[in-house]
Amino acid sequence: MAKTLDEYLTCFVSKNTPQWLLKRKGIPSTLELEIECNEYSSVGNEGLWKVVLEELQGNAYKAVWGVQFPYDSRYKEQWPKFKEITGEFKFRLYHNGSDEVLAFSDNGCGIPKENHEHIVRKGFSTFGTTGIGLTTMKEDLTELGATLSFESEVGKGTTFYIILP
């Protein structure tokens, strides 16, 4: 029997919390899961959802590690010293009208405004990586019938929204 989105998310979070990566760097962290109700649609392709959720988590952990900060001197004053970071991550699943929304938030370095329009463009990366992760994630979400949006502020963090009609 196919899992519903809330069931799949609960299972994913319990099995895929690479907080040990942050511990290894000496950064304390928390991961919270909030599910506002229990009536969600079937997940469909679990393999695609796994890729999507791992990409969200991976980027959030990189943002908290300070891969970009404090090395990028343009934003150094806007971000606390590296050793003072506490990683805070949250999955939130809720309804907005007839849409199902999965929000994933972090308190990482945030995405500078000048990068917002490029963030899902193939080959673009704020971390010095290949820049294909968010592009692939967006393609997977399109295949699942979902859309992707985000809000971000440098020094405060980012929230990605996956909207399923």
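A: Start with residues 67-71, where pLDDT stays under 50. pLDDT is the predictor's confidence in each residue, from 0 to 100. For residues 67-71 the model has 14 contacts beyond four places in sequence; contact means heavy atoms within 4.5 Å. Where pLDDT is low, the predicted coordinates should not be read in detail.

This is a predicted model, with residues numbered from 1 along each chain as its sequence is written. Local features need pLDDT of at least 70, side-chain atom pairs count only at pLDDT 80 or more, totals for chains, interfaces and linings use all residues, and side-chain values use heavy atoms, leaving out hydrogens and water.

Now the wider picture. The protein has a mean pLDDT of 78, and 75% of its residues reach 70 or more. Confidence is lowest in helix H2 (residues 19-24), at a mean of 59. It is highest in strand S3 (residues 99-106), at 94. Helices (H or I, at least four residues) and strands (E, at least two) are DSSP runs, numbered from the N terminus.

Strand S3 belongs to an open sheet of five strands, in the order S1-S2-S3-S5-S4, with mixed pairing. Two strands pair if DSSP finds at least two bridges between them. Strands S1 (29-35) and S4 (147-153) stand at the edges, each with a single partner strand, so one side of each is left without a neighbour in the sheet. S1 and strand S2 (residues 87-96) run parallel, joined by seven bridges. Ile 35 stands opposite Leu 93 in S2.
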